[in-house]
Amino acid sequence: MNVSGRPTRTIWPSTNGTAVEIIDQTRLPHVFATARLATLDDAAHAIRAMLVRGAPLIGATTAWGMWLALRDNASDTALADAHATLLATRPTAVNLAWALDRVRAHVSLLGPAARAAAARQLAIAICDEDVALNRSIGAAGLPLIQAIAARKKSGDRVNILTHCNAGWLATVDVGTATAPIYAAHDAGIPIHVWVDETRPRNQGASLTAWELLNHGVPHTVVVDNAGGHLMQRGHVDLVIVGTDRTTATGDVCNKIGTYLKALAAHDNGVPFYVAAPSPSIDWTLRDGLREIPIEERSAREVTHLTGRFADGSVATVALTPEGSAAANPAFDVTPARLVTGLITERGVAEASEAGLQRLFPDKKN
Ligand code: MRU
């Protein structure tokens with residue numbers, strides 16, 4: 001997508017070929033800054049500290065991290081260590097293991113001297129594939145928005161609610177949940193996006209709003225608790241969210257608070273769609289509630305907030321009384337029965353084992 005008129009991805013090889021560059025998402029929306037990853041530890045830190053985040057981008061970063069590691073040492077032991085180090089960074093998004101296993105399987109067939117170059121080629125391919133998958137999700141989701149627009153009075157906007165950031169910043173480019181939104185906007189359909197702020201890290205308020213603003217998509221940031229009210233009043237036509245891990249049976253694990261939006265959508269007859277590229281589907285799992293590991297992040301993300309003062313300086317301040325405990329489960333699971341459909345790169349699937357199998361017969365476990 002464009003940043004200040006320049007096509008920009010979230011991750012790219014540096015021009016001199018010695019490192020990887022990323023957008024440092026911890027500094028948005030107040031500062032647009034990039035960071036340089038030159039070692040395995042840099043890549044692991046970027047994922048852990050969420051300079052990069054979002055399931056597809058985490059996957060792409062681990063692929064680049066494997067290249068950085070193998071460039072230094074391509075022995076079997078170093079390969080296993082790099083895989084283990086990156087796998088331990090964040091537990092919920094399955095794209096991370098998907099990309100790591102893919103790189104390991106590819107390079108372990110080769111002798112050590114050929115491994116780094118092969119990992120680099122594969123990292124480039126994984127990034128390009130991610131962009132292509134997301135464009136296909138945009139094409140698959142666009143008719144859902146067109147159908148709603150066709151039922152409206154001419155000129156009335158289609159109101160779409162989204163949670164967290166499943167936009168281009170969460171991927172290499174284009175985004176998953178935002179792909180149909182950008183496709184509709186670019187096709188001239190009047191749309192408006194309700195952006196959940198997404199406490200505690202505020203990916204909606206900081207990242208999704210920044211993206212939509214840059215692309216000129218009309219949007220309004222709301223507190224997480226407003227969604228149910230907006231749906232009751234008929235102000236939401238459609239919900240589209242992303243996913244960190246979807247089971248083979250269609251249960252969806254996504255940013256904490258997604259489940260509550262799905263419940264409110266169900267109660268109000270609002271279609272609830274999940275943009276799910278196949279690398280975020282865990283074909284080995286059948287029961288999302290019991291089987292998906294939920295990341296527990298630092299309580300400090302709940303007790304403190306970062307924002308910008310009028311003079312432009314950015315500061316972190318305390319929000320809760322010193323001494324109050326805080327808990328920070330980062331994801332929740334929405335059961336398949338609450339999901340209207342999964343927007344995949346192969347089309348829209350019913351959120352069920354049969355629905356997914358119809359589109360992905362090659363993925364049978
Ligand atoms: O903790 P984050 O910011 O990595 O969580 C991101 C999300 O939950 C996204 O909705 C999900 O990864 C889908 S991104 C296309």
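Which domains give at least three residues each to the shell around the ligand? Keep that in mind as you open the viewer. This model is predicted.

Stop 1: Colour residues 2–128 as domain 1 and residues 142–363 as domain 2. Here is the reply to the opening question: domain 1 and domain 2 each supply at least three residues to the ligand's shell.

Stop 2: Now colour α2, residues 55–72, and β11, residues 252–255. These are the elements that contribute two or more residues to the shell.

**Stop 3: the shell.** Show the 19 residues around the ligand.

**Stop 4: polar side chains.** Zoom in on three of those labels. Start with Gln203. An N or O atom of the Gln203 side chain is 2.9 Å from a ligand oxygen. Move to Asp244. A polar atom in the Asp244 side chain lies 2.8 Å from an oxygen of the ligand. Finish with Lys255. Here the distance between a side-chain N or O atom and a ligand oxygen is 2.7 Å. How much of the ligand does the protein bury? Alone, the ligand would expose 410 Å², and the protein buries 100% of that.

**Stop 5: two cis peptide bonds.** The peptide bond joining Leu28 and Pro29 is cis, with omega about 5°. Pro29 belongs to the loop between β4 (20–23) and β5 (34–37). Then jump to Arg199 and Pro200. A cis peptide bond links Arg199 to Pro200, and omega is about 5°. Look for Pro200 in the loop that runs between β7 (191–196) and α7 (203–215).

**Stop 6: a positive phi.** Last, select Met50. Where does Met50 lie? Find Met50 in the loop between α1 and α2. Check its backbone: phi is positive, about 65°, although Met50 is not a glycine.

How values were computed:
Residues numbered from 1 in each chain as written. Predicted model: local features only at pLDDT ≥ 70, side-chain atom pairs only at ≥ 80, totals over all residues. Heavy atoms only, no water. Near = heavy atom within 4 Å. Polar contact = N/O pair within 3.5 Å; in protein donor to acceptor, adjacent residues only side chain to side chain. Areas by Shrake-Rupley, 256 points an atom, 1.4 Å probe, with all protein chains shown as cover. Helix = DSSP H or I, 4+ residues; strand = E, 2+ residues; numbered from the N terminus. Domains from an automatic or database assignment.
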